[in-house]
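Here's a quick briefing on a fold you have on screen. Have a look at the model first, then run through the notes below.

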Amino acid sequence: MFRRFLLCHPGGGGEWWLVSGGADRSRSPEETGVAGEPADSQQIADHGRDQWNERHRSRDGDEARPPSEFLIDLAHLLGPPGKVIDLAGGQGRNGLHLAALGHDVEIWDISVEALGRTREEAARRNLRVETLEVDLENSRPGPSSADSLLCFYYLQRSLFQSMIAALRPGGTIVMETFTLDQQSSGRGPRNPAYLLGPNELLSAFSSLRILRYREEELPDGDHVASILARREG
Ligand SMILES: C[S@@+](CC[C@H](N)C(=O)[O-])C[C@H]1O[C@@H](n2cnc3c(N)ncnc32)[C@H](O)[C@@H]1O
């Protein structure tokens, strides 16, 4: 089942624009997430959204993990509080961390379950965030619409240029996801289409100033690449 998003303005300055010509499908947990084999493409087209909703509903995945250590350690490099969009932000672990630091955060995700959990957690912690149900295959952040963009554990290469264009001068991108080395761990996505190659984020964001980059095995055994890059003013 496909669901398209109409061109709209969600308020608070986040411009959306409908992208034509992209693949009209959602990614399944198996493609972008942490466990299992990719489903076949028809199944993904029909059920990606439902699968993600189910995964977020079950609470037995690791979608409600603490914020990324990379983000915690480097949040000061984002500069003064500004507009942040957390792409495929899930249950909001990273966006809520920045909201607690005073940023004005929008969390975009295809899963209404994830966004509901985000709102619950925000209310519990007395934090304010906007949540937007967005299929990133069809919608992108508009040009110069954010001071910072987060993208954690969601790899859609067709977003990279829009992410760069969405930065305001001085704005930052923080991204982290699995690398090809993760295949040997037996966890997470196995399809190489959803794993980063060596130096891939360095190349993708080479038009920005790279302030931090790492490719490494984390203490929990995950193999990831992480980048923080700034658009020069
Ligand atoms: C592995 S989770 C990562 C969530 C969050 N970024 C984090 O690190 O905790 C991937 C997220 O991508 C979302 N997602 C999958 N396909 C999407 C799409 N086409 N558009 C927007 N979000 C999508 C899922 O609902 C899920 O929350």
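**Sheet, core and a covered helix**

S6 and strand S7 (residues 167–178) run parallel and are joined by six bridges. Strands here are DSSP runs of E with at least two residues, helices are runs of H or I with at least four, and both are numbered from the N terminus. This is a predicted model, where local features need pLDDT of at least 70, side-chain atom pairs count only at pLDDT 80 or more, and totals for chains, interfaces and linings use all residues. Residue numbers start from 1 along each chain as its sequence is written.

**Overall picture**

- The protein has seven helices and nine strands.
- Of its 233 residues, 46% count as buried, meaning that 20 or more other C-beta atoms lie within 10 Å of the residue's own, with C-beta atoms placed from the backbone.
- Take the contacts with a separation of 6 or more: 59% of them come from residues 24 or more positions apart. A contact means two C-beta atoms, placed from the backbone, within 7 Å.

**The sheet**

- Seven strands form an open sheet with mixed pairing, in the order S4-S3-S2-S6-S7-S9-S8.
- S4 and strand S8 (209–217) sit at the edges with a single partner strand each, so one side of each has no neighbour in the sheet.
- On average, neighbouring strands of this sheet are turned by 15° against each other, direction ignored; axes are lines fitted to C-alpha atoms, for helices over the stretch in contact, and angles run from 0 to 180 degrees between N-to-C directions.
- Strand S2 (residues 83–87) pairs in the parallel sense with strand S3 (residues 104–109) over five bridges, and also with strand S6 (residues 146–152) over four bridges. Pairing requires DSSP to find at least two bridges between the strands.
- For specific bridge partners, Asp-86 goes with Ile-107 in S3, Ile-85 goes with Leu-149 in S6, and Ser-148 stands opposite Thr-172 in S7.
- S2 is mostly covered, with four of its five residues buried.

- S2, helix H4 (residues 93–100) and S3 make a right-handed β-α-β unit: with the strands pointing away from the viewer, the path from the first strand over the helix to the second runs clockwise.
- Why is H4 largely enclosed by the rest of the structure? Seven of its eight residues are buried, so the rest of the structure encloses most of H4.
- The buried residues of H4 include Leu-96, His-97 and Leu-98. As a group, the buried residues of H4 pack against helix H3 (69–74), S2, S3, helix H5 (112–124), strand S4 (129–133) and S6.
- Gly-102 follows H4 and has a positive phi, near 105°.

**Helix H5**

- H5 lies across S3 and S4, running at about 170° to S4.
- Among the buried residues of H5 are Ala-114, Leu-115 and Ala-122.
- Just after H5, Asn-126 has a positive phi of about 60°.

**The nonpolar core**

- The largest nonpolar core has 49 residues, and those with the most contacts inside it are Leu-87, Leu-149, Cys-151 and Ile-173. Such a core is a set of buried Ala, Val, Leu, Ile, Met, Phe, Trp, Tyr and Cys residues joined through C-beta atoms within 7 Å.
- Beyond its neighbours within four places in sequence, Ile-173 is in contact with Leu-149, Met-163, Leu-167, Phe-205, Leu-208 and Ala-229.

Technical notes:
A residue is buried if 20 or more other C-beta atoms lie within 10 Å of its own, exposed if 12 or fewer, and partly exposed in between; C-beta atoms are placed from the backbone.
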